[in-house]
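Come along and look things up with me.

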Amino acid sequence: MNRCRRFLNNVVAIAANGFREGVRDRILYVFFLFALAVIASAKLIGWVSVGEDIKVVRDIGLASMGLFGVMISIFVGASLVHREIERHTIYTVIARPVGRGEFILGRYLGLLGLVCSVTAAMGLFFTVYQAVLVWSGAAGLSDVEGGAVPFPLVRAQILIIFQFVVLVALAVFFSSTTTPVLSAVFTFLAYVLGHMAGWIYRFSDMVLDKRSVTVFDRAVSLFLKVLYYLVPNLETFDIKLRAVHNLDISNFEFACVLLYGVAYSAAVLLAAYLVLRRRQL
Amino acid sequence: MKKLLLPAAALACLAAAVAAQVGVVSSRGMLGIANPIYRKHADQVSRAEYVTSFGMYLPKGDFAFAASAFLGGLRADAYWLKAAQYVSKSFEDPALKTRFLGDLYIAMIRIDPWWSSAAVTASNAVTGVTNDNEQAVEILDRAIRVRPDDWRLWYARMAVYLFWPGHKSDAVRSALIGASRPGASRALLDAANQLALEDGHYELAVRVARRRIKQYGLDSALGRIAWRDYLEHYSRYLEHLLAKDLEAYRQKHGNFPASLDGLVADGILKDLPPEPYGLGWIYDPASGAVLSRGLGTLEGARMHFILSFCVTRYYRRHGIPPASIQAALDDVKFTAKDIEPVRYFGNPPSLVPHPVLGDWKYDPATGRIELGPGMDIPHIFRRADELRERLLSGGKPL
């Protein structure tokens, strides 16, 4: 019991420290203010969009939340563990009765808390902005389309925030294995490729989409299908296209997506711990 | 053993993630909206091509999606804005403009298959470009597959079928389905009613009219109009059925019965259906023609309105009333838009008698066409309202 409490105390202390460290980073505010400016200016494009203004406003708002959240994850998260190793500040931590697992988890939760707080703040701003547009009648939104802030849009925002659960885990993993620059590149690539995972599934179908299918084709198709389930699939969290049209997803699907985020990030964090455990500091 | 614990835990987490992912794919697959699966279908309607002559570039095939992986909505919006600009842009070749717009709209729905407005506009553009109604319906059907509850898609589908010769029944069906969708425009149901009637689907017209009454409520203003339409359609439907029964009688006996009661006496009908307006049937034993007096009165009043209009126009043009009604008709040229006049009098027009009164009473000195008491439109509408009120107060209309 004591061991468990000590573990939690250590993790919380490291996470809080990481969060404070991230809050002091100026780049965070640059991204945050820029995101707010983009969301606020969405209506300018909405004005010239011939009857589709609310869709354009929603598209820009959701895309900004995702994109700037990712930038914060990459730029703040890439150097997270590596900087500690480079500056040797990690010694002061692990010299104490703090395990490397606690260090990894604490750093992860600290960064995740930071990214989620910033994205949630953007989401709140976006929601209020939309509500003001609808209330003032500037959005051209009818009641049929779901009022000020339709529920699917809230779900889409939750899932945007939730994709960082996976992305930050990947950032921490790369940060504990390579240099900050490579880590940033790898995290960004993981983000882009994670959103294209659906194509692996698609290719697995395309391989079989011909007249004579060989055993090799079937093997390739199966391999691609397995690969689809193994790579980080960030497209799973992307329901923006449907949400802007006020189309909801089922509770089952929503729960599966949340479970996917938690389970996949746990696997990545365990892998990060395994790598860091073997590393000579 | 301890060494293997952590890798095993990592693998267990991965297995849980895979299981959750399977759940997501099966859920989206069941709804037919899994992004990769849907896009495979969406690709089949793709006509997006490189258009270089205007410096405009549309990515082809899979590249469009790959390039817009997580910003698909924004990319589709950019195309929408581009299309809005090109709508007002003048092209030397108008066909190229519409083709270009068609490509843009199709690219939009490939990226965002849930965007109904883009699908509707794409179908309009496709019919405008190539008159390819099949492709327009295909685009709409794919959009309907992912958004079956969007009445605007059904409305657009009805419009495509409406201008596609020989597909009026499909137009009616689309209108009926669309009308049952949440928030559907009333125009859909009214259009379905009119189309069914024009296409000779009398029974369907009656059913749609009943549905309109149910939807609007008999005591509402719209319900009042629907009730009038119902009486008209029902009369026409009964006329149609009686004509069929009379033909069956003639085939059996070699001649038409002396009266409509002959149909009951012969066992073809159990009872003679009451005329919906309560004004009785007009029957000619020589020709076997049967007519609802109420409907005949209404049709006659409408014909009277058109004829009076033609006479007035003749008077304005020549300064004197026409010598006969036919002279007034000869002086006009009906166009395709004059649906009702052409339906009654043909094109070129020739005078037909009043359905109930027979020959028209025309005074060449004054240019007036006499109709007689109780034969005008307000009178027959008052009769319909009386029946409605009787129904509303709990009684039978007849």
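**Entry 1**

Which residues in α1(A) meet which residues in α7(A)? Before listing them, I remind myself that this is a predicted model. On the α1(A) side I found A:Phe7, A:Asn10, A:Val11, A:Ile14, A:Ala15, A:Gly18, A:Phe19, A:Glu21, A:Gly22 and A:Val23. On the α7(A) side they meet A:Glu102, A:Phe103, A:Leu105, A:Gly106, A:Arg107, A:Leu109, A:Gly110, A:Gly113, A:Leu114 and A:Ser117. I sorted the residues of this contact by class and got 10 nonpolar, seven polar and three charged.

Next I looked up the geometry. The axes of α1(A) and α7(A) come within 7 Å and cross at roughly 45°. That angle makes α1(A) oblique to α7(A). I also noted that the crossing of α1(A) and α7(A) is right-handed.

**Entry 1: α7(A) and α8(A)**

I stayed with α7(A) and turned to helix α8 of chain A, residues 151-177. The two pack at an angle of about 155°, and their axes are 9 Å apart. An angle over 145 degrees counts as roughly antiparallel. So α7(A) and α8(A) are roughly antiparallel to each other. Their crossing is right-handed.

Which residues of α7(A) make the contact? Among them I picked out A:Ile104, A:Tyr108, A:Leu111, A:Leu112 and A:Val115. From α8(A), the contact includes A:Leu153, A:Gln157, A:Ile160, A:Ile161 and A:Phe164.

**Entry 2: α4(A) and α7(A)**

My next stop was helix α4 of chain A, residues 53-77. Its axis and that of α7(A) come within 10 Å and cross at roughly 165°. The helices α4(A) and α7(A) are therefore roughly antiparallel to each other. I wrote down a right-handed crossing for α4(A) and α7(A). The classes in this contact are 15 nonpolar, eight polar and one charged.

**Entry 3: the second largest pocket**

How big is the volume of the second largest pocket? It is about 460 Å³. I found 15 residues lining this pocket, and the closest to its centre are A:Phe7, A:Gly101, A:Glu102, A:Tyr273 and B:Leu6.

Which elements give two or more residues to the lining? They are α1 (2-23), α7 (100-136) and α13 (251-278) of chain A, together with α1 (2-31) of chain B. With five residues, α7(A) gives the most. By class, I listed nine nonpolar, two polar and four charged residues in the lining.

Where is A:Asn246? I found it in the loop between α12 (240-243) and α13 of chain A. A:Asn246 has a positive phi of about 65°, although it is not a glycine.

Then I moved to chain B, where a cis peptide bond joins B:Asn347 and B:Pro348. Its omega is about 5°. I placed B:Pro348 in the loop between α16 (339-345) and β3 (361-363) of chain B.

How values were computed: Residues are numbered from 1 along each chain as its sequence is written. Chains are lettered from A and ligands numbered from 1 in the order in which they are written. This is a predicted model: local features need pLDDT of at least 70, side-chain atom pairs count only at pLDDT 80 or more; totals for chains, interfaces and linings use all residues. Side-chain values use heavy atoms; hydrogens and water are left out. On a 1 Å grid over the protein atoms alone, a cavity is a set of points where a 1.4 Å probe fits but cannot get out, and a pocket is an open set with protein on both sides within 12 Å along at least five of seven lines; lining residues have an atom within 4 Å of a point. Grid points are joined across faces, edges and corners, and a volume is the space filled by probe spheres set on the points. Helices (H or I, at least four residues) and strands (E, at least two) are DSSP runs, numbered from the N terminus. Ala, Val, Leu, Ile, Met, Phe, Trp, Tyr, Cys and Pro count as nonpolar, Asp, Glu, Lys and Arg as charged, and the others, Gly among them, as polar. Axes are lines fitted to C-alpha atoms, for helices over the stretch in contact, and angles run from 0 to 180 degrees between N-to-C directions. Angles under 35 degrees count as roughly parallel, over 145 as roughly antiparallel, 65 to 115 as roughly perpendicular and the rest as oblique. A crossing is left-handed if the near helix is turned anticlockwise from the far one by less than a right angle, and right-handed if clockwise. Contact means heavy atoms within 4.5 Å.
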